[in-house]
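Trainee: I would like to learn how to read a protein model. Please take one feature at a time.

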Amino acid sequence: MSSMQITTRIGCSVACVYCPQDKFIKAYKKRSHMRQMSFDNFKSYVSKIPVDVEIWFAGMCEPWLNNDCTNMLLHAHERGHKIRVFTTLVGMNGSDVALLESVPFGFFQVHLPSSRESERIPVHGDYLDLLNKICTSKIINLSFHCHGGTVHSDVNSLLRRKGKKVDLRSLYRRSGNIKISKRHELSRKRGVIGCLRSSLCNVLLPNGDVLLCSNDYGMKHILGNLRLCTYDALFQSHEFLKIKRGHRNESEDILCRYCDNFGYNVNAVARLLNFGYQLDRYLYYLKDIQSFEDMNHFIQKGIEMVKKKCGRL
């Protein structure tokens with residue numbers, strides 16, 4: 001499956017403590033001062049992307065911090081692209097929700113504020129009203145998740161009343177771009193490696209640059225620029241070919257060898273060790289369970305993880 005994640009602007013006010021925004025902004029400023037993706041530029045970029053490539057509104061920033069986000073999404077949908085969304089809802093309003101109900105999303109994932117207040121998501125009346133509207137909307141494949149802890153109490157109460165479950169997700173180190181306390185240092189993968197997304201889940205920036213993936217906050221791997229080249233040319237570029245060589249050759253300096261969520265060792269024994277690491281991450285978050293419902297949900301996620309991992313051995 002090929003996809004393009006749309007970074008609608010540079011600089012995210014949500015400022016999650018586990019998101020290396022400073023590193024990304026510093027790297028981007030060296031290449032461009034175009035902070036916002038205009039609707040016209042978006043249309044130009046997406047006209048070069050084949051319709052069988054999914055368009056994800058995610059990337060390096062909350063998508064709806066750009067006022068044109070809903071128009072961009074609807075335009076991509078009208079072109080025939082399958083649409084997926086990751087959003088904190090910051091910047092979205094009720095009129096956006098009404099327009100989004102007509103789109104058959106592959107998924108629409110809402111990133112919720114945690115009890116640790118690790119995200120600048122203003123949990124006040126307007127936000128809760130919007131979240132309630134999302135819960136009662138006709139948006140399909142809607143889900144909710146929280147990173148690195150339990151859900152903010154006010155948000156959790158609302159979702160429980162609506163009968164909505166929350167996926168509690170552990171943090172990952174974004175290919176070494178962040179450090180996580182009480183987690184061992186990330187070691188460099190050895191031998192032949194692979195990518196669960198086949199290096200085809202890329203990120204489009206406002207100036208047209210395309211990054212390898214959403215872990216590349218230092219902009220280490222720029223595949224090309226959609227203002228200047230075709231979509232297919234991205235995967236014939238020197239940088240992309242270097243990445244593919246680097247999957248086989250340890251001497252190549254590529255981000256993938258530090259990936260802790262999509263990268264894996266092809267060797268079956270190394271895969272098993274990777275499974276053990278994933279299990280360790282899962283068990284670490286048992287401390288966040290506060291109710292029988294949380295325990296049941298956690299067990300189901302564990303069963304799904306085991307089935308998924310065993311299927312790759």
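Trainee: Which residues in helix α2 (residues 39-46) are buried?

Mentor: Some ground rules come before the case. This is a predicted model, in which local features need pLDDT of at least 70 and side-chain atom pairs count only at pLDDT 80 or more, while totals for chains, interfaces and linings use all residues. Residues are numbered from 1 along each chain as its sequence is written, and side-chain values use heavy atoms, with hydrogens and water left out.

Mentor: Now the terms. Buried means under 20% relative accessible area, exposed means over 50%, and partly exposed lies in between (1.4 Å probe, protein chains only). Helices (H or I, at least four residues) and strands (E, at least two) are DSSP runs, numbered from the N terminus. In α2, the buried residues are F42, Y45 and V46. Seen down the axis of α2, these buried residues fall within an arc of 90°, so they line one face of the helix. The arc is taken from the directions from the helix axis to the C-beta atoms.

Trainee: What do the buried residues of α2 pack against?

Mentor: For contact, look for heavy atoms within 4.5 Å. The buried residues of α2 pack against β1 (3-6), β2 (54-57), α3 (69-79) and β8 (201-204).

Trainee: How do I read a strand such as β1, and which way do its residues point?

Mentor: Check the two sides separately. S3 and Q5 point one way from β1, M4 and I6 point the other way, and all are buried. Then look for partners: two strands pair if DSSP finds at least two bridges between them. β1 and β2 run parallel and are joined by four bridges, with S3 opposite E54 in β2. On pairing with β8, β1 again runs in the parallel sense, over four bridges; there the bridge partner of S3 is C201.

Trainee: Why is β4 described as largely enclosed by the rest of the structure?

Mentor: Count its buried residues. Five of the five residues of β4 (residues 107-111) are buried, so the strand is largely enclosed by the rest of the structure. Both faces are covered, with F107, Q109 and H111 on one side and F108 and V110 on the other.

Trainee: Which strands pair with β4?

Mentor: One is β3 (83-87), which runs parallel to β4 and is joined to it by four bridges. Within that pair, R84 has F107 as its bridge partner. The other is β5 (residues 142-147), paired with β4 in the parallel sense over four bridges. Here H111 stands opposite H145.

Trainee: Where is S137, and what does it touch?

Mentor: S137 is in the loop between α5 and β5. At 15% relative accessibility, S137 counts as buried. Leaving aside neighbours within four places in sequence, S137 is in contact with V97 and E101. The C-alpha atoms of S137 and A98 are separated by 7.8 Å, although these residues are 39 apart along the chain.

Trainee: What should I look for in backbone angles?

Mentor: Most residues other than glycine have a negative phi. L89 is not a glycine, yet it has a positive phi of about 75°. L89 lies in the loop between β3 and α4 (94-100) and is buried, with a relative accessible area of 2%. S199, also not a glycine, has a positive phi of about 60°. S199 lies in the loop between β7 (193-195) and β8, and is buried at a relative accessible area of 4%.

Trainee: How many residues does the largest nonpolar core have?

Mentor: A nonpolar core is a set of buried Ala, Val, Leu, Ile, Met, Phe, Trp, Tyr and Cys residues joined through side-chain atoms within 4.5 Å. The largest one has 77 residues, and those with the most contacts inside it are M4, F57, L73 and L112. Leaving aside neighbours within four places in sequence, L112 is in contact with residues including I121, Y127, F144 and V166.

Trainee: How many helices and strands are in the chain?

Mentor: The chain has 10 helices and 11 strands. Of its 313 residues, 53% count as buried.
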